[in-house]
Amino acid sequence: MKQALTLTFVLIINLSCAQNSFISRPYYSEDEFYGLLDSLRVLNNHKIEEAGGLTELASQIALLHYPKLKRHKIKINYKKNVKYPITASWSFWNVFKPRPWHTYVLLIHPDSFVERISLNKRVALIAHEMAHFEYYRKIPSIAMLWWGLKYTLSDKFRYRFEREADFTVVDKGLGQQMLDMSIYTSKWEIKDHIQKANETD
């Protein structure tokens, strides 16, 4: 009960900060959140596979920013025969399921940098992949096949798609984390995006 109340208090403070500025969300502390992992699992409806460790913790924190994804199961799989350090995988078997029942997979190379970076950088990285999940859930399964073809064959399309995911993470209130872990966008682009968003508000 004490853990749940502590988590609720921390989240209220964080969400209040996020409403004022895309960049003002405080850093997440490993010491602060490790003891709240069970509470995070409950808060996220046990939708993320309970893998334990810092990566699950980062995934649970990132999912707080994607409430619509809490309807879907998200698995964390470690595989060495993957092309990228971390990938937002869309299962072919989702073609045969209604969209609310789709399962998404975070494929992570066990020896990659993903397993060596800080909690905040990991939150930003996984939140970037969850931006892809959010995109996947919006389009029909048959359209995913066309998307996959364009993503594979067009460098321009792939780069634009990845950059948009970075900006989605910022829009979700994780601007500070993205400044630490920007890959497809530069820090000045992220700061410019934050400034424009705040001016719109």
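Student: Where does Lys-138 lie, and why is Lys-138 called exposed?

Tutor: Lys-138 is found in helix α5. Helices here are DSSP runs of H or I with at least four residues, strands are runs of E with at least two, and both are numbered from the N terminus. The relative accessible area of Lys-138 is 54%. Exposed means over 50%, buried means under 20%, and partly exposed is in between, using a 1.4 Å probe and protein chains only. Since 54% is over 50%, Lys-138 is exposed.

Student: What should I know about the model and its numbering?

Tutor: This is a predicted model, with residues numbered from 1 along each chain as its sequence is written. Local features need pLDDT of at least 70 and side-chain atom pairs count only at pLDDT 80 or more, while totals for chains, interfaces and linings use all residues; side-chain values use heavy atoms, with hydrogens and water left out.

Student: How many helices and strands does the protein have, and in what order?

Tutor: The protein has 9 helices and 3 strands. From the N terminus, the order is α-α-α-α-β-β-β-α-α-α-α-α. Of its 201 residues, 48% are buried.

Student: What makes a group of residues a nonpolar core, and which members of the largest one touch the most others?

Tutor: A nonpolar core is a set of buried Ala, Val, Leu, Ile, Met, Phe, Trp, Tyr and Cys residues joined through side-chain atoms within 4.5 Å. In the largest core, with 49 residues, those touching the most other members are Leu-57, Ile-61, Tyr-66, Leu-119, Met-130, Phe-133 and Tyr-136. Helix α5 (residues 119-138) gives this core its largest share, 10 residues. In soluble globular proteins, nonpolar side chains tend to be buried together.

Student: What is Phe-133 in contact with, leaving aside neighbours within four places in sequence?

Tutor: Contact means heavy atoms within 4.5 Å. On that basis, the contacts of Phe-133 include Leu-69, Ile-74, Ala-88 and Tyr-104.

Student: Why is the pair Asp-38 and Arg-41 called a salt bridge?

Tutor: A salt bridge needs a side-chain nitrogen of Lys or Arg within 4 Å of a carboxyl oxygen of Asp or Glu. The N to O distance for Asp-38 and Arg-41 is 2.9 Å, so the pair qualifies. The two residues are 3 apart in helix α3, which means about one helical turn separates them. At 49%, Asp-38 is partly exposed, whereas Arg-41, at 12%, is buried.

Student: How do you know that Lys-80 and Asp-111 also form one, and what does the pair tie together?

Tutor: Their N to O distance is 3.6 Å, which is within the limit, so this is a salt bridge too. Lys-80 is in the loop between β1 and β2 and Asp-111 in the loop between β3 and α5, so the pair ties together parts 31 residues apart in sequence. Lys-80 is exposed at 57%, and Asp-111 is partly exposed at 48%.

Student: How do you know that Arg-137 has no salt bridge?

Tutor: Lys and Arg count as positive and Asp and Glu as negative, with His and the chain ends not counted. The nearest side chain of opposite charge to Arg-137 is Glu-134, 5.8 Å away. That is not within 4 Å, so there is no salt bridge, although Arg-137 is buried. Glu-134 does form a salt bridge with Lys-172, at 3.2 Å.

Student: What makes the group around Trp-93 a nonpolar patch?

Tutor: Patch residues have over 30% relative accessible area and no salt bridge; like charges are joined within 9 Å, and nonpolar side chains (Val, Leu, Ile, Met, Phe, Trp, Tyr) within 5 Å. Trp-93, at 58%, is above that cut-off, and lies in the loop between β2 (86-90) and β3 (103-108). The patch consists of Phe-92, Trp-93, Val-95, Phe-96, Ile-142 and Leu-145, with about 680 Å² of accessible area together. Such areas come from the Shrake-Rupley method with a 1.4 Å probe, and for residues only the protein chains shown count as cover.
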